[in-house]
There are 2 protein chains.
Amino acid sequence: MDELQPPRTLLNSISWNPAGLVACVARQHDTGEVLMLAWMDRAAVEETLATGRVCHYSRSRRGPWRKGETSGQVQRRMESRLDCDGGTLLARVEQTGAACHTGRRSCFYRAARDGALATIADPAVLYGAVRHEAGA
Amino acid sequence: MDELQPPRTLLNSISWNPAGLVACVARQHDTGEVLMLAWMDRAAVEETLATGRVCHYSRSRRGPWRKGETSGQVQRRMESRLDCDGGTLLARVEQTGAACHTGRRSCFYRAARDGALATIADPAVLYGAVRHEAGA
């Protein structure tokens with residue numbers, strides 16, 4: 001006997017970790033640059049899907065982390081993908097300004113070079129500068 | 001009094017999670033495609049840096065997961081980056097064949113579409129096919 005299966009959705013296909021979170025890699029939709037990795041709980045995924053504005057989960061504050069809420073550096077969701085085991089999301093986003101709290105476009109601004117860890121990106125876009133330009 | 005500080009390296013700048021692991025996003029170095037997210041322990045990072053061939057950590061097998069050891073689908077490390085809080089690596093790699101165990105190039109082959117989760121990539125590169133072509 002066939003039984004009705006609930007439709008497969010992003011939300012019901014996620015494998016939450018023991019803390020109830022899923023990793024989310026944010027990637028700039030047009031350039032492909034990998035901006036950051038953050039975590040989402042169910043509420044953050046639901047809010048991101050509903051609003052189109054990316055909301056992560058702050059493990060330090062134990063609550064929603066609406067990207068750009070205080071800095072203005074918002075992430076607009078363009079597409080959400082899920083990996084084969086459901087443990088990681090890949091969000092294609094439109095990132096305003098800097099994704100990194102250091103003012104850099106991407107959090108991945110350090111690289112192994114000849115045995116040392118080198119900084120390979122300057123903080124060209126600073127939170128303060130961007131907020132000033134925006135008249136904030 | 002100045003004291004000699006040990007040089008900052010990738011390895012001593014990683015913030016290991018409580019399980020002693022760090023997340024690693026693997027990205028194809030030329031196309032920029034995000035292939036997968038896996039985990040590394042200290043031994044896996046050391047091996048990857050030393051050999052130039054990516055070794056992850058298998059949480060299910062609790063041991064080294066030398067990418068491609070059985071499938072031939074190896075990842076050659078081109079560059080290793082570390083994010084601002086030290087909790088995530090970004091590996092630029094040269095991926096032979098498929099990164100995903102389903103035979104797909106990338107593990108992120110499902111996307112949210114109109115409320116459903118849609119498969120957006122066919123398994124064009126299958127482990128078996130590639131191994132056969134290689135004479136394995």
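This is a short tour of a two-chain model, one selection at a time.

The model is predicted: local features need pLDDT of at least 70, side-chain atom pairs count only at pLDDT 80 or more, and totals for chains, interfaces and linings use all residues. Residues are numbered from 1 along each chain as its sequence is written, while chains are lettered from A and ligands numbered from 1 in the order in which they are written.

**Stop 1: chain A**

Select chain A and colour it by secondary structure. Two helices and eight strands make up its secondary structure; helices (H or I, at least four residues) and strands (E, at least two) are DSSP runs, numbered from the N terminus. Followed from the N terminus, the order of elements is β-β-α-β-β-β-β-β-β-α. Of the 136 residues in chain A, 36% are buried. A residue is buried if 20 or more other C-beta atoms lie within 10 Å of its own, exposed if 12 or fewer, and partly exposed in between, with C-beta atoms placed from the backbone. Among the contacts in chain A with a separation of 6 or more, 43% join residues 24 or more positions apart. Two residues are in contact if their C-beta atoms, placed from the backbone, lie within 7 Å.

**Stop 2: helix H1 of chain A**

Select residues 42-51 of chain A, which form helix H1. Which residues of H1(A) are buried? They are Ala44(A), Val45(A) and Thr48(A). Because these residues cover an arc of only 100° around the axis, they lie on the same side of H1(A); the arc is that of the directions from the helix axis to the C-beta atoms. Now show strands S2 (34-40), S3 (55-58), S4 (63-66) and S5 (75-82) of chain A, against which the buried residues of H1(A) pack. Turn to the face of H1(A) that points away from its buried side to find the exposed residues Ala50(A) and Thr51(A). Just after H1(A), select Gly52(A), which has a positive phi of about 80°.

**Stop 3: helix H1 of chain B**

Select residues 42-51 of chain B, helix H1, where Ala44(B), Val45(B) and Thr48(B) are buried. On the other side of H1(B) are the exposed residues Ala50(B) and Thr51(B).

**Stop 4: where the chains meet**

Show both chains. In the contact between them, 32 residues of chain B meet 32 residues of chain A. On chain B, the strands S1 (22-28), S2 (34-40), S5 (75-82), S6 (88-95), S7 (110-113) and S8 (116-119) each supply at least two residues of the side that touches chain A. S5(B) gives the largest share of that side, four residues. By type, the residues of this side are 18 nonpolar, eight polar and six charged. Here Ala, Val, Leu, Ile, Met, Phe, Trp, Tyr, Cys and Pro count as nonpolar, Asp, Glu, Lys and Arg as charged, and the others, Gly among them, as polar.

Next select S5(B) together with strand S7 of chain A, residues 110-113: the two pair in the antiparallel sense over two bridges. Strands pair if DSSP finds at least two bridges between them. Ala111(A) has Arg81(B) as its bridge partner in S5(B).

**Stop 5: the axis**
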